[in-house]
Amino acid sequence: MAAAGILRNLKDVALRTIEGFAPELYQLNQQIWRKPELCYQEKYAHEVLTTFFKDKGFEVTKHYTLETAFRASSGSCGKRVVGLICEYDALPGIGHACGHNLIAEVGVGAALGIKAALEASNQDLGKVVVLGTPAEEGGGGKVKMIQNGCFDEVDFCLMAHPKSFSCVYPTCLAMQDVKVTFHGLSSHAAAFPWEGINALDAAVMAYSSLSVLRQQLRPTWRLHGIITNGGAKPNIIPDKTSMEYFVRAPTEGELNELREKVHRCFESAAQATGCTVDIEWNSVVYSNMATNEQLAVVYQKNAEELGLSFPSREEQAKATFGSTDMGNVSHIKPSIHPYFDIDTSVANHTRDFTEAAGRTEAHVRAITQAKVMALTALDILWNDQVWGLVVADFEKKHGKN
């Protein structure tokens, strides 16, 4: 049989396998969705996913360098190793409002399809490694796993993220968060206000300064935050207040530029009010997403063959901005992070999206994505020429050619 025919047969094996496991994958998705867990606390999801993989014949490593991370693999090192990403943390108060239950389902489903295809092949095509990555929602689980060497063994990485629209080339910004504490001096607000140093004034002044700063921000920069502690009672001049901000930009270079401007706003508010200030920038920085062009081409081709469609590249560039620690992965390994429509008009990080992420229709869309991911992985594992193009694009983007 010609090479193209053999690959087609292996793809058919993957498709049938994923479809056959669809009912079990739905139950897996629902287990995670019904019991949302915050970053680094995903003990239930960790147990459910690792048990599932072990039952399906994968080699499983629980607590893979982090308490709620895992590794599941099948196949031999052969030609190449594909890395599939599972996320499963939720958001405070609103559960799986970013649909990480579906991201986990896509990763598991794709892994099952790839495993079956590898076992059906009479060639040593490679290996599939699934990495369970906790704490995407601000905890930087993938950043820590990169530092721990968890991605060293894989050659390229795939994952897909649920949204209200489809997009192959998402704009994911570099991001860093900062926690700020102003220290003043308490006093009776009515009897002896002149003896106090108002830390709330400093927080309000910083908030106002940052709001004014937005007038001079580039259109692609983002800056947003909250006052997390504004004082105890109205008749006590607050001696301590705190704020938390997220700072985002298209590249880490631009992020550094914006960070300096933001930092000065906090310092000047403290100076103006007589407070002292502690400014703690998170050491975990999310990088921008560097989509591998060739992986994206292969992904889109397979998606369209399964009946999916996408807006123009220009329209995709206008899609909503966000940030992800998958961006960090994309700077060390050729990667893609497409969005897939789950048949909803509501935005992520809302209660309505939580509801949408638990619907049967979302599961159906996730199964299709698992199939697309499996087909894409098999194309890259099979075709040395296409792999060469993937590597060339990665090296071009990261100055390694």
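Glutamate 24 and lysine 56 meet through their side chains in a salt bridge, 2.9 Å from N to O, in what is a predicted model. Glutamate 24 is in helix H2, residues 22-34, and lysine 56 is in the loop between helix H3 and strand E1, so the pair ties together parts 32 residues apart in sequence. Glutamate 24 is partly exposed, at 37% relative accessible area.

Next, a pair further along the chain. Glutamate 293 forms a salt bridge with arginine 313, with the closest N and O atoms 2.8 Å apart. Glutamate 293 is partly exposed at 27%, and arginine 313 is partly exposed at 41%.

Now lysine 11 and aspartate 379. Their side chains form a salt bridge at 2.9 Å, N to O. Lysine 11 belongs to helix H1 and aspartate 379 to helix H12, so the pair ties together parts 368 residues apart in sequence. Are these two buried or exposed? Lysine 11 is buried, with a relative accessible area of 6%, and aspartate 379 also counts as buried, at 15%.

The salt bridge count comes to 19. There is also a network of salt bridges linking Asp341, Asp343, Arg359, Glu361 and Arg365.

On to the nonpolar side. The largest nonpolar core has 65 residues, and Val82, Leu84, Val108, Ile114 and Leu158 touch the most other members. Helix H12, residues 360-382, gives the most to this core, with twelve residues. A second, separate core has 27 residues, including Phe182, Ala199, Ala249 and Leu258.

Last, valine 108. Leaving aside residues up to four places away in sequence, valine 108 touches Leu25, Leu28, Leu49, Phe52, Phe53 and Cys86.

Key. Residues numbered from 1 in each chain as written. Predicted model: local features only at pLDDT ≥ 70, side-chain atom pairs only at ≥ 80, totals over all residues. Heavy atoms only, no water. Core = buried A, V, L, I, M, F, W, Y, C linked by side-chain atoms within 4.5 Å. Buried < 20%, exposed > 50% of the residue type's maximum accessible area, 1.4 Å probe, protein only. Helix = DSSP H or I, 4+ residues; strand = E, 2+ residues; numbered from the N terminus. Contact = heavy atoms within 4.5 Å. Salt bridge = Lys/Arg side-chain N within 4 Å of Asp/Glu carboxyl O.
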